[in-house]
Amino acid sequence: MADSRRRGGQGQPPDRRIEDSGENRRGETPLDGGDAPKTAEPKTAEPKAAEPEPAALGGRRSGSAKSLAAPDAGARSERTALPDGSPQEREALPEHSLIPRDGGDGGDGSIPAVGDMLLPLLCAALLLVFPLYFIFADAPVFFENEKRYASTLPDFTAENALSGAWSEGAESWLADKMPLRSFWVGLNAYFAYATGRQNATDVYIDSRGDLLEKPAAFDAAELSKRIGKIVDFAGAANARTAVLAVPSAGYVAKPYLPGYVWSGYNDEALFAQISACIGDARPARPPGFIDVRGEFMDSGAPLFFRTDHHWNMDGAYTAYAAICRQWGLEPFPRDRFGVSRHAGFYGSTYSASGLWLTKADDIELWLPPEQVSVTFSDKDGEYGSLFFESHLAALDKYPVFLDGNHPLATVENMAPSAEARAAGTLLMIKDSYANSLVPLLIGHYSKIVLIDLRYYRQSASEVAAAQIANATGANAQAANAIGTGVPDADVSGADGGANAQAANATGVDVSDVGVPGADGGAASADARRALDILFVYSAKNLASDADLLWLR
């Protein structure tokens with residue numbers, strides 16, 4: 001053992017030799033002042049990382065003590081003073097250490113300790129602020145781009161909680177209160193478009209940039225039920241009846257869509273079944289079927305809006321001409337109408353798409369020369385125009401036609417021509433496509449009555465019977481079916497003239513209607529066509545609109 005110490009102390013651990021060597025370098029003297037070295041006084045030192053035991057080095061040390069004690073490549077060392085003024089080697093720290101020494105400000109490349117708290121503090125602030133925002137911030141009541149009202153937070157009840165209705169409603173409410181919601185909706189829509197995932201949305205874009213409704217499937221049995229209702233209604237009404245089905249904009253856009261996309265539009269099968277259902281029914285007076293697909297496919301002009309599922313006025317005029325051909329009427333030329341054009345129309349497909357950069361449409365109003373009087377069953381007042389221009393201030397301007405949809409609307413031609421008086425009344429049972437047809441058709445009739453079964457829950461056949469009774473000068477009791485309040489008025493007079501006052505209680509001009517008189521003469525029903533009935537629906541709604549089942 002003594003021999004081992006004389007050979008440089010190789011039997012000691014390396015850290016002990018370095019410590020002793022450091023003490024000798026600092027020139028410490030023995031406590032008794034002699035030459036013999038004494039044990040050094042205990043000194044305070046920062047704890048050092050544990051070094052591996054010899055066994056961890058494979059049971060054998062290699063290299064000198066100096067090589068084992070060398071600091072790492074990225075480490076640095078400092079010398080500080082002990083309380084007695086002698087220097088002391090501080091523990092080496094890696095250069096990449098983020099912990100400042102001696103309260104430093106990080107000027108040597110390290111980050112102050114407070115920087116480590118910034119991210120947790122930011123997360124905590126967000127966790128606090130976001131719930132408060134969702135609770136107290138005022139979200140828009142109506143989303144103009146999306147054409148819908150914001151969701152409301154549902155009442156929390158045991159039934160709602162157990163059924164999941166409350167959680168679904170709360171999720172929609174929170175989504176509607178998201179800051180910059182329209183921006184995120186648009187970003188998601190354009191990302192889906194850029195990545196070729198249009199089939200995951202409800203709107204397609206054709207090569208012209210038009211926004212098209214996604215193809216809709218139809219149930220053949222449900223379609224047959226609805227056409228059967230129309231056929232039965234036509235047979236009972238004893239009036240000339242026709243059905244106009246509007247093809248989808250996507251079907252008409254065949255040249256501008258890939259074949260695999262266009263093939264998803266099933267208009268051909270749908271129109272074939274409508275025609276078959278009408279043909280197979282064979283009632284006493286079957287309705288005619290007006291199929292405008294050929295005219296629409298052959299037209300070189302756009303017949304639908306770019307940002308809306310409705311037809312534009314070119315499309316409406318094409319359908320109007322087909323109606324005239326069906327019933328033997330002479331269509332008015334285009335230049336009969338005064339045209340005003342209004343920019344900035346964004347319709348239903350724009351609202352559903354989220355593609356907020358799509359170019360806006362222009363909407364045209366074709367003004368007929370006739371003076372009209374318009375009334376609604378759910379709105380007070382009498383209006384002197386077919387166009388309600390207050391809607392032109394909105395993004396969706398289509399309700400400019402007849403103020404949008406109402407349960408029952410009546411349009412009277414205040415100065416009908418002889419042909420219009422002879423034609424009598426047109427009863428339109430319809431969806432919103434028919435609204436833009438009225439300016440074109442009013443010149444052919446003395447009155448147009450419109451029923452929207454989505455809102456009208458009374459009997460449409462009673463409305464039809466009342467119009468026939470009024471137009472032919474029959475007993476006004478039939479008019480009471482729609483609540484006119486005329487008590488069993490006898491419209492025949494001793495002089496053979498019609499009691500126009502009683503008949504006009506329902507607002508129908510019967511001045512030229514022949515009625516039974518003292519001389520036994522009577523105008524036949526054929527002398528004046530009392531009523532035409534026109535169903536105007538998109539093919540999609542004919543197949544799926546549950547409100548058609550209310551028809552009676």
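For the descriptions that follow, Ala, Val, Leu, Ile, Met, Phe, Trp, Tyr, Cys and Pro count as nonpolar, Asp, Glu, Lys and Arg as charged, and the others, Gly among them, as polar. The model is predicted, with local features needing pLDDT of at least 70 and side-chain atom pairs counting only at pLDDT 80 or more, while totals for chains, interfaces and linings use all residues. Residues are numbered from 1 along each chain as its sequence is written, and side-chain values use heavy atoms, leaving out hydrogens and water.

In soluble globular proteins, nonpolar side chains tend to be buried together. A nonpolar core is a set of buried Ala, Val, Leu, Ile, Met, Phe, Trp, Tyr and Cys residues joined through side-chain atoms within 4.5 Å; buried means under 20% relative accessible area, exposed over 50%, and partly exposed in between, with a 1.4 Å probe and protein chains only. The largest nonpolar core has 63 residues, of which L244, W311, V411, M428, L437, I448 and L534 touch the most other members. Helix α13 (residues 313-327) gives the most to this core, with nine residues; helices (H or I, at least four residues) and strands (E, at least two) are DSSP runs, numbered from the N terminus. Another core, of 34 residues, lies apart from it and includes L223, I429, I451 and A464. Contacts (heavy atoms within 4.5 Å) can be followed from L534, which touches A242, L244, I290, I323, W327, L426, L427, M428, I429 and L441, not counting residues up to four places away in sequence.

On a 1 Å grid over the protein atoms alone, a cavity is a set of points where a 1.4 Å probe fits but cannot get out, and a pocket is an open set with protein on both sides within 12 Å along at least five of seven lines; lining residues have an atom within 4 Å of a point. Grid points are joined across faces, edges and corners, and a volume is the space filled by probe spheres set on the points. The second largest pocket holds about 850 Å³ of space. Its lining has 46 residues, and K147, E213, H309, H310 and S432 are the closest to its centre. Helix α19 gives the most to this lining, with five residues. By class, the lining of this pocket has 21 nonpolar, 14 polar and eleven charged residues.

Two cavities of 30 Å³ or more are also present. About 60 Å³ of space lies in the largest cavity, whose lining includes Y193, Q198 and S353. Helix α7 supplies the largest share of that lining, three residues, and by class the lining has six nonpolar, three polar and no charged residues. The second largest cavity has a volume of about 50 Å³; among the residues lining it are F376, H406 and K430.

Aromatic rings complete the picture. Rings of Phe, Tyr and Trp (its six-membered ring) pair if their centres lie within 6.5 Å; planes under 30 degrees apart count as stacked, over 60 as edge-to-face and the rest as tilted. The structure holds 19 aromatic pairs. The rings of Y346 and Y350 are tilted, because their centres are 4.4 Å apart and their planes at 40°. Y350 is buried, with a relative accessible area of 4%. The pair of F387 and F401 is edge-to-face, because the ring centres are 6.0 Å apart and the planes at 65°. F387 is buried at a relative accessible area of 9%, and F401 is buried at 2%. Finally, ring pairs link F296, F304, W311 and Y433 into a cluster.
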